[in-house]
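I opened this model to look up a few side chains and how the chain packs. My entries follow in the order in which I made them.

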Amino acid sequence: MNRKFVSKSNFVLRRVLNTEENVDILKEFIEVMLNLEIKEAKINPYLEKMKEHLPAEENFGIADLRIKTTENEERNVGIQIIDGEHVLIKMLLYYVQVHANQLEYDEYRECVKTNTINILDFVLNKGLDYHSRMVVKEENMTDIINDYPEIHILQLPKFRIEKNKDMTLKQAWMSYLKGENTEEAIKKSKKIKKLDTLLEKYWREEVME
């Protein structure tokens with residue numbers, strides 16, 4: 001994983017990205033990972049609210065956003081780096097947290113579908129795909145699949161890209177997250193370049209406690 005944010009992983013990226021000024025970075029990341037176009041993106045206040053009640057090292061996600069697609073579909077999206085044991089349970093608990101928290105923001109706001117994006121620096125399963133999607137549903141359910149809880153899993157060790165080949169935007173983001181071919185990734189995306197600059201600034205100004 002990219003060493004610029006591996007220490008206190010969720011905490012560092014939460015400090016850098018969980019602001020309205022940097023929502024454009026999160027917007028591009030979500031677009032490429034969920035394969036959709038976003039018209040509006042707004043950070044939900046949960047993480048900012050909880051920072052007053054939890055220790056700095058608490059891992060409870062990078063960002064929690066409400067998005068509206070170009071087709072006017074609204075979704076809740078949560079992003080986190082995850083490690084340790086009981087990973088599947090942690091992913092499910094994080095999904096429940098992000099989905100449930102949307103209810104406290106505005107009593108008149110509709111409860112909508114939630115997606116979570118989980119970034120792993122280890123191999124979780126035997127499949128070959130670095131990006132997998134877990135859909136949670138009851139057996140024999142026949143409802144529209146878009147209504148089901150949807151958890152996206154990015155396994156960095158599985159990601160590979162041939163050198164000297166043009167990157168897609170998604171490959172650029174995966175390369176930057178993994179910490180490989182970062183110069184090429186930065187050239188590919190202005191948002192990745194902005195994030196890299198913010199991280200450089202964060203670590204220059206970080207005060208050891």
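**Entry 1: Lys178**

I looked up Lys178 and found it buried, with a relative accessible area of 12%. Here buried means under 20% relative accessible area, exposed over 50%, and partly exposed in between, with a 1.4 Å probe and protein chains only. Lys178 sits in helix α5. A polar atom of its side chain lies 3.4 Å from the backbone oxygen of Leu156. I note the rule for a polar contact: N or O atoms within 3.5 Å, where within protein one must be able to donate a hydrogen and the other to accept it, and residues adjacent in sequence count only if both atoms are side-chain atoms.

**Entry 2: the model**

This is a predicted model, in which local features need pLDDT of at least 70, side-chain atom pairs count only at pLDDT 80 or more, and totals for chains, interfaces and linings use all residues. Residues are numbered from 1 along each chain as its sequence is written, and side-chain values use heavy atoms, with hydrogens and water left out. The pLDDT is the predictor's confidence in each residue, from 0 to 100. I read a chain average of 83, with 78% of the residues scoring at least 70. Where pLDDT is low, the predicted coordinates should not be read in detail.

**Entry 3: the chain**

I noted 7 helices and 6 strands, taken as DSSP runs numbered from the N terminus (helices H or I, at least four residues; strands E, at least two). Their order along the sequence is α-α-β-α-β-β-α-β-β-β-α-α-α. The chain has 209 residues, and 45% of them count as buried. Of the contacts (heavy atoms within 4.5 Å) with a separation of 6 or more, 61% join residues 24 or more positions apart.

**Entry 4: cores**

Which residues have the most contacts inside the largest nonpolar core? They are Phe29, Ile30, Ile79, Ile117 and Leu195, in a core of 42 residues. Such a core is a set of buried Ala, Val, Leu, Ile, Met, Phe, Trp, Tyr and Cys residues joined through side-chain atoms within 4.5 Å. Helix α2 gives the most to this core, with 8 residues. Another core, of 7 residues, lies apart from it and includes Met91, Tyr95, Leu120 and Ile151. I also listed what Ile117 touches, leaving out residues up to four places away in sequence; among them are Phe29, Ile30, Met33, Val77 and His152.

**Entry 5: aromatic pairs**

I found 3 aromatic pairs in the structure. Rings of Phe, Tyr and Trp (its six-membered ring) pair if their centres lie within 6.5 Å; planes under 30 degrees apart count as stacked, over 60 as edge-to-face and the rest as tilted. Phe29 and Trp173 are edge-to-face, at 5.3 Å centre to centre and 65° between the planes. Phe29 is in helix α2 (residues 23-34) and Trp173 in helix α5 (residues 169-178), so the pair ties together parts 144 residues apart in sequence. Phe29 is buried at 6% and Trp173 at 2%. Tyr202 and Trp203 also pair edge-to-face, at 5.0 Å and 85°. Tyr202 is buried at 11%, whereas Trp203 is partly exposed at 31%.

**Entry 6: positive phi**

Most residues other than glycine have a negative phi. Asn35 has a positive phi near 55°, and lies in the loop between α2 and β1 (38-43). Asn35 is exposed, at 72% relative accessibility. Asn72 has a positive phi near 65°, in the loop between β2 (63-69) and β3 (74-82).
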